[in-house]
Each structure stands twice: as structure tokens, then as C-alpha cells.
Amino acid sequence: MLTRRLMNHEWGGWVLLCTLGVLAIAVPVLNLAVPQDNPFHVSTYTVTLMGKYLCFAMLAISLDLVWGYCGILSLGHGAFFALGGYAMGMYLMRQIGTRGVYGNPELPDFMVFLNWDQLPWFWYGFDHFWFAMLLVVLVPGLLAFVFGWLAFRSRVTGVYLSIMTQAMTYALMLAFFRNEMGFGGNNGLTDFKDILGADLQSDVTRIVLFVTSAFALAATYLMCRVIVTSKLGRVITAIRDAEDRTRFIGYRVEYYKVWIFTLSAVLAGIAGALYVPQVGIINPSEFQPLNSIELVAWVAVGGRGTLYGAALGAVLVNFGKTYLTGALPEVWLFVLGALFILVTVAMRNGIVGLFRKLRHG
Amino acid sequence: MARAVVCTIYLALATTISLAYANDDDALLSLLDALNTRSFDDKAASARSIAKTEHPRRIAVLTALLEGQLYVRKKTDTVVLATRKDRGYLLFDILNDLEIGEDSRRSVKKITVNNKLRRLLRSLIAGLQLDNPDPMARLAAVEAMSASLDTDTISVLIQHDEAEQDTDVKQAIARIRTIYDLQADDPETRFAAVRAAGHDISSEVRTRLLKISESPEETPEIKAAAERSLKRIQQTLDRYAVIETLFFGLSLGSILVLAAIGLSITFGVMGVINMAHGELMMLGAYTTYVIQLMLPDALGYSLLIAIPSAFVVSGLVGIAIERGIIRFLYGRPLETLLATFGVSLVLQQAVRSIFSPLNRSVASPEWMSGSLEIVQGLSITYSRLYIFIFTLIVFAALWLVMQRTRLGLEVRAVTQNRAMAKAMGINTTRVDILTFGLGAGIAGVAGVALSQLTNVGPNLGQGYIVDSFMVVVFGGVGNLWGTLVAGLSLGLVNKILEPMAGAVVAKILVLVFIILFIQKRPRGLFPQKGRAAEN
């Protein structure tokens, strides 16, 4: 019953889930079991890169949930991603222990460097994995809740809300760049050693992280799919299409909006937490407004309001970015700019929309 | 007959004058001869006497002595002016500067001066220049005299003070007298000077007051007076600091207004946020740069030419954006936001490819560099002052366009109710094009102003979009006065918070403040009235 509700006529979702399933099985085998000189061997570098794309895909789905289904264009979703990443980064920093450059058992390197004599209070508890994971969920969720509650209650909508979210991530970027904040200033948190006792550099850990990301992405997709196909999802879509009418019918629009916004932020935070151990660094540049707005481009290119389209867009655009910034660095911003113009003017529903048009003539 | 009389009188006059000159000449020459001595004290005495004569050449003589150009010609034992030429010296008559021949190095002897004598000479020359008609020269002379203060110079200054008209010079003299009196032996004079010193905020006076207030030899009375004066000086300085902060705030605010006002118009009329607005400012700044490259000799004019050029360049690019992209996206503000963001990326990268990613510096013309000193210790830079005035001019011009022209009327009508305006026969397409061109052009003009404050680079405009949107939101969309008030007050708040909390925190606080402000007044300080504004 649930399967039918979720997956009826949803071939894109099937493709996504099947691809993830294949990847989760094939990549570990190809990386660990196939010898390095074999042409089918997948290098650890590629595994990490793909893991990164999966995290971005998850982030894109979280944005698609609010933008594609509720019409809230958040230009600050990168902030929730980065906050989740920071929470994870703080846990990883605590795991370094005495292996830092200064070998201080109590303080991370950057604090020793800045002559701090004790751990700030907000670093307490990050030695425990469960506590860090709790904050990965709580911090972005709480920020989104407060922000959303303030914004939606006073009916800040449209471009106002978009720019406000951008201002939010901009303010956070400025704040995290400050050394006094206690999050490593502009260098951020890096030089991680291990996670849950496993060496972060080892192939097995990387594979585990990759598989975890694949599962997280699949779970995110399914959960969002459950939500958007439920009655709640119908209300949310109604809000996107005619907010005033929904309100007049008797729904408390702001509650729905706050709820979906908070959930989306939590998902973004989890994506960030998975992202940081794989790339090995988190710094304030993740808060850059440009990052958040690039994220919007992923969703738009893939096709908003479809969930799997967002995932597809994230992977495609990031693949293009990795390729272009390596091969033709000057061209990348032209391409990104052109993508924005193209998907808004000519391709409103992105790649998924293109496929649909082809199928239905 | 009459002519004969006139001639006689004239002759008689000429004779007396030349006679008087002859007398003076003799006096000067004898004093010059007195310089030919080994004792520096004697030289000083005759230098003073020279300064007291009324001879027109006295300043030249003293300057020559100071610069070591006075020599004794051994053959005639007279004092002459000499400059080196090849191996020997070229000699000139002291009285009329005429060349009187050459001599070998051996046959002249330099009249030497020591440091003490140099100081005396400088102050004597300065004292003589006090009669200069140019107040700037008089001021310089007074400053020069303060280097060697003694009873003589002070009495010269006091004497001069009575005749002096210029307030700057009078002030300088008063300061020198205060500084001199602060060192006086007589406690009464010192006490009076300490009390008077509270009006003077110069650092020399402050260091002397500090010395007095800490000196163990002073009477408690004088010490207390010194502390009072110091406190008073500090109060004055604090007051100046406040004024300076206010000025900096207004200056920042004027930049914000310039950046936001174009955005405000387009947002008001079309309901779309032009994310490429900052890049249009950047284009304006680069236009200034290019025009300056083309006219390297006319720095002052190039800036004036840059203002209309930047308006045209950015305006045309703006119209191109409107025609090429935005018109396909009407009714979809979020998509417009994304598309114009794409444009901003393309423009940034285009400029980076054409001009290199490095920052370019645009030179400021002479009339924009330097600063205007309002009173001592309080000065404001010309560039910021001019930009503030420029903002007001741009604002006034725009206000006139909006209130007094047909276009302005149509723009306001479309802002209030697009459908109704259209129904009344207003060509909204034309209004859209012109408004967008106008808004973009003003962004270009803002770029010209910005090029005078910072370096010009591809990222110049990036930081402004959030700030200017905040101004628009704070002031109320499509409201010129709201933009002005909001921009200036945000600039002020930013600069007032800065010394207390640091620049970054100040910025964050302002952002948080605006986010909270929107809660209370979602339509800004000056919301549009009527039902049409709510949709």
C-alpha cells in the first residue's frame, strides 16, 4: 500500500533508489576486492568524490522539499549544512586528542595557538558521538525553527524571505570567520584523525562513510516522498500554489511552513555532518551566500518539485564543476551563470521536465 | 608750468628716497662687515641688527647666511654672495644681486654658522615674513618661529598679534604664547597659562600639561588647574570623536543610499530583485577606470566624464538584461532573482577575464584628495564629503524625475497598481524598460563614487546586494525618502556600533536588527498606503 503510494508512476524515484542500491554494493566491491591495476578498480579518491556528491544530493533534496513543494526559496540552506558540518567537525576535533601539533590533551590546536587556557563551554560534550549527533540535528533545526517562526509568523514571503535567508548565512559567515568565536576562525576545523575509533584515512572507513551516505540519501528521499504524498504534503503544495486561499480555508499556514522549513534544515544538517568526515575540513566559506545559491542551481537544473530531480541536478552540476574548475577554471562561472538563466527562462522544470516532455510528447 | 612743478617735486622725492636708500645701504654693509668675525655670538648680534633694519634685502641676506651662501672676498675684504661654479665661485653683489666676477676657491672665505645661529636665523626670517600679505605664509612663519622660542621672538609675536587679522594665525600665535608661558619661571604666569591651555587641543600643549600635572615641583594649585585643563581637552576630543563617527556614519550611509536607490525603484515598479545590481555598480567603477586610462592627463575631468558614461554603460546593460531575460519572467519574482544572479556571475567573470582578477586602483583627482580641517583636531576627508554631497544631488535629481516628469508619474502609477495603470493606457513595457535602465544607470553612478573610496575589482559589487536590499526593506519598497532615511540611519548605526563591538559584530547586529524589524513592520519604515500594496 505504502509502496504503491510512494512509487506509483515515479520512475525517477525508482532509478534513484536502484542506482543507490547498486552503488552501495558495487563500489565497496570494486574498491576493496578488485586489485588496483584492474581497470574496474574504483580508487578511494573517486569513492570520496562520489560520497561528497551524495551528500550534496541529500542537501539538494532538503532544499527541494521547501522550494519545490512549499515555494520557500531559501538562499541560506548552505548555513544549515555548514552548521551540521561544524557539529560533526567539533566531535572529530575532540577525537584528535594529543595527536595535534601542540599535543595538548585538553585543547584543539587552534585554541592553543590563540593562547586560550580552557575549553569554551559550548565545546563540552563533543567528546561523545551521540551528543555531537544530537547537535547535528538540534542546531540547524533550532535555528531554522526560530528563523522560520519569526519570518513566517509575520508573513515574510517571496523575495523578502529569500534575501533574509541570504542575510542569515552571510551574518553566520562573518561570525564564524572571527577567531573569538571559538570555531577555528577562517581556517575552520581540519586535520581530523579518526571517527568512532576508525582511521579516517583508511579505505574501509571511506567505504563505510560512502555507504552510509548512500543509505542516508535513500532514506531522505523516501521520507520526503512520504511527506509530500501525505495529506500534509497536499497542504504544503497548496500553500505553494495559493497561500492566501489555504489560509482562508482554515489551515494555519505558518505552522506548516515552520515545520517543513525546520525539517528541511535538519536534513541539510545531517548532510553536512556526513560531508565533513569525507572531505576532512569544515570552514566558514561553507556559509558563503554563493554556496547556498549554487545549491539552488542544482535543484533548478535537475527539476524542482520532484526530489529525485534535485539529487540528479546536484550530481550533474557538481560533476561539471569538478571537471571545469580543473580543466577550464575561467569558464566555470560563465557556465554556472548561463545555467541559472537557462533553467529560469527556457527550462523551467529542469532536466526532469525535459524528460517528461519527451515521454508525453 | 604745472608739469614743471610736478617734475621738480618728483625729482626732489626721488633724491630723498635714493638718499635714504644710500644711508640704509651703508648701514647694511657695515652690519655685514660685522659678520666677518669668528665669534658666533657677535654674528648673532649683527644678524639681529640686520633683521631690525628696514632694508628691503634683509630677508635675502639672512637667508643667504642661513644657507651658507655668504662669503668674504679676501681681495677687497667685503661680504658677497657666492655660488659654486666649476672650480671657483661666481660672486654677486649683495645689494642688487648683480654678478661682479669670478674668483678661485682660495680667495673667498665662507661665513660659517652653527646650529644655534641657524635656529636664530630661521626665527628671525620667520619674524620678518610675518609682514607677508599671504596668511598662509604668515602661518608658516609663526610655526617656524616656535622652533626657537625666546623672549625676543615672543615679543615680536605679541607685537604682531595686535595687527594680525587672520584667525588661524592669531590662534597659532596664542598657542605659542601658551606653550611659552607654560615654561615660564613666574608661577603666576604659569598658572594663567595652565588655565588658558584648556582651550587648546594640540599635542604639544597636552604633553606640557601632562608634565606639569605630574611634576613634583609644581604647586598643588597649578597641578589641579592642569588636570582641569587636561580634562577639558579630553572632553573636546571626545566631542570631536563623536562628530567624526557621525560623519563616517553619514558617509557610509550615503554609499548605501547610492547603492540601494536604484534597486529600490526597480523593486518598487517591477517587484523583482535585481541580483546583478552590485555588478552594475562594478561596471560603473570599471568605466571610471577605463576613462581614466584614456585620459591620463585630465584626471579631474575624467571623473566628471565618467559619471554620465557610467550611467549610460550600466543603464544600457540594465536595459539589455531587462529585454533579454527579465521580461520573460514577469510574475515569477523568485525566478527573476535566480536569473539575475546568473547574470551577475557572468558579468563578474567577464570582467575578470577582460581586466584580470586583480584589483585596479582609480586615482583621485587633486580636489578630492586631502581633508578639510573644520577646527583644529577635527577634519573630514574631501572624498567622503564630496560623495555625501554627490549622493544628495543624485537623490534630488531622481526625486525631481519621479515627481515632476511624465515618466515619474507613470512609474509611480505602475508601482501602485500595475493592472490599473495599464488599463489607464500607460505603456507598462516602456515604463519597465526605462525604470530598469534608470535603476541600473544609478548603480553605475554609484560605482563611480565607490571607485574613489576602494580599489576596483571584479568582486566590488558582491557585498552590496545584501546591504542595499536591507536598506530597501528597512525604508519601504519603492519609497525614495524611505531609502534615504534608511540608508543614512543604517550607516550611522553601523558606525556607532563599530567602536563598541567591532566591525563584524556591528554588521551582524544590524542584520539581526533588520530581521527583527521586519517582524514588526514587514513593509518597512514608510509603507505604501492602500490595499494595492498588499498582495
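Predicted model: local features only at pLDDT ≥ 70, side-chain atom pairs only at ≥ 80, totals over all residues.
User: Why is A:Leu263 called partly exposed?

Analyst: A:Leu263 has 19 C-beta neighbours inside 10 Å, and since a residue is buried only from 20 or more such neighbours and exposed at 12 or fewer, A:Leu263 therefore counts as partly exposed. The residue belongs to helix α11 of chain A, which runs over residues 253–279, and its C-alpha lies 9.1 Å from that of A:Val66, although A:Leu263 and A:Val66 are 197 residues apart in sequence.

User: How many residues of chain B are in contact with chain A, and which helix of chain B gives the most to that side?

Analyst: Contact here requires C-beta atoms within 7 Å, and 31 residues of chain B are in contact with 32 residues of chain A. Helices α13 (333–355), α18 (464–475) and α20 (503–520) of chain B each supply at least two residues of this side, with α13(B) giving the most, namely 14 residues.

User: What makes up the side of chain B that touches chain A, by class?

Analyst: By class, that side of chain B holds 24 nonpolar residues, along with 5 polar and 2 charged ones.

User: What share of the 535 residues in chain B is buried?

Analyst: Buried residues account for 39% of the 535 residues in chain B, a chain that has 20 helices and 7 strands.

Notes. Residues numbered from 1 in each chain as written. Chains lettered and ligands numbered in written order. Contact = placed C-beta atoms within 7 Å. Helix = DSSP H or I, 4+ residues; strand = E, 2+ residues; numbered from the N terminus. Nonpolar A, V, L, I, M, F, W, Y, C, P; charged D, E, K, R; others polar.
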